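Hello,

Here is the structure for your files.

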Amino acid sequence: MSLYRDEGVVLRTQKLGEADRIITVLAKRTGKVRAVARGVRRTTSRFGARLEPFTHVDVQFHTGRTLDVVTQAETIRPYGEALAADYPRYTAGSAMLETADRLTHGEKEPALRQFLLLVGGLRTLADRGHEARLVLDAYFLRSLAVAGYAPALEACAKCQAPAIRAFAIVAGGVVCGACKPAGAAVPAGETLGLMTALLRGDWAAADASEPRHRSECSGLVAAYLQWHLEHGIRSLRHVEREPA
């Protein structure tokens, strides 16, 4: 048999037949893997609970013709347990999983930086060190940056002029007055400063931000993310019901 082992985060699952599941894992070395977990829905399954979304798991796979097969699984950290009791953190985590799935397009294409960002984001959410939506927005911005879509925040995205007047999603970030397209948002300077802090990991500045700037930042980041993905993030509909 062709066996390989990797650690990863379970992104999602779907039922297969009467007792099996197909699990999607973002693995550290292998990238995104879809595999069958046989008998995992039976109460007697030896690793059913280890293959739930949010779980950081060490998995052994057997290479199959169409889908690989899970042969072993050991939990490294079950982030779902810490997030399930806190609705804002659970929905923020769900949006992270969905975004990681969308940003890693091909199967078995290494995506180490995306994996590390996801693990770090889930750990930060579970440890409750920062407000859930701030953690989510920081994850969105950094994962976009890793994918090559970092927004321009310090100089005009079109002409590099330092005089910032607006934020234009289609232009790739902030723009000057001469380059400002119709319909561009005009956020507060503090909002753009918060976006910069989240992208850089300046948590002291992010935690000190005001609720109105956090709310404006979240709206811009969500719109920017979904424009680049060309699809909506379904989990965001639930996240956005929570107050900033």
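A residue counts as exposed when its relative accessible area is over 50%, as buried when that area is under 20%, and as partly exposed in between. By that rule Glu 154, at 52% relative accessibility, is exposed. Please keep in mind that the model is predicted.

Salt bridges

The search of the whole structure returned 16 salt bridges.

Glu 154 pairs with Arg 200, with 2.2 Å from N to O.

The salt bridge of Asp 86 with Arg 128 has its closest N and O atoms 2.7 Å apart. Asp 86 sits in the loop between helix H1 (79-83) and helix H2 (87-103), while Arg 128 is in the loop between helix H3 (112-127) and helix H4 (132-146); the pair links distant parts of the chain, 42 residues apart. Asp 86 is buried at 17% relative accessible area, whereas Arg 128 is partly exposed at 43%.

Glu 74 and Arg 50 form another salt bridge, and here the closest N and O atoms are 3.5 Å apart. Glu 74 is part of strand S5 (residues 68-78) and Arg 50 of the loop between strand S3 (31-37) and strand S4 (55-62), so parts 24 residues apart in sequence are tied together by the pair. Both partners are partly exposed: Glu 74 has a relative accessible area of 43%, and Arg 50 has 27%.

Cysteines

How many disulfides does the structure hold? The count is zero. The cut-off for a disulfide is a pair of cysteine sulfur atoms within 2.5 Å. For Cys 156 the closest cysteine sulfur is that of Cys 159, at 3.7 Å, which is too far for a bond. Cys 176 is in no disulfide either, with the sulfur of Cys 159 as its nearest cysteine sulfur, 3.6 Å away. Cys 156 is buried, at 0% relative accessible area, and Cys 176 also counts as buried, at 6%.

Regards

Definitions and conventions. Residues numbered from 1 in each chain as written. Predicted model: local features only at pLDDT ≥ 70, side-chain atom pairs only at ≥ 80, totals over all residues. Heavy atoms only, no water. Salt bridge = Lys/Arg side-chain N within 4 Å of Asp/Glu carboxyl O. Helix = DSSP H or I, 4+ residues; strand = E, 2+ residues; numbered from the N terminus. Buried < 20%, exposed > 50% of the residue type's maximum accessible area, 1.4 Å probe, protein only.
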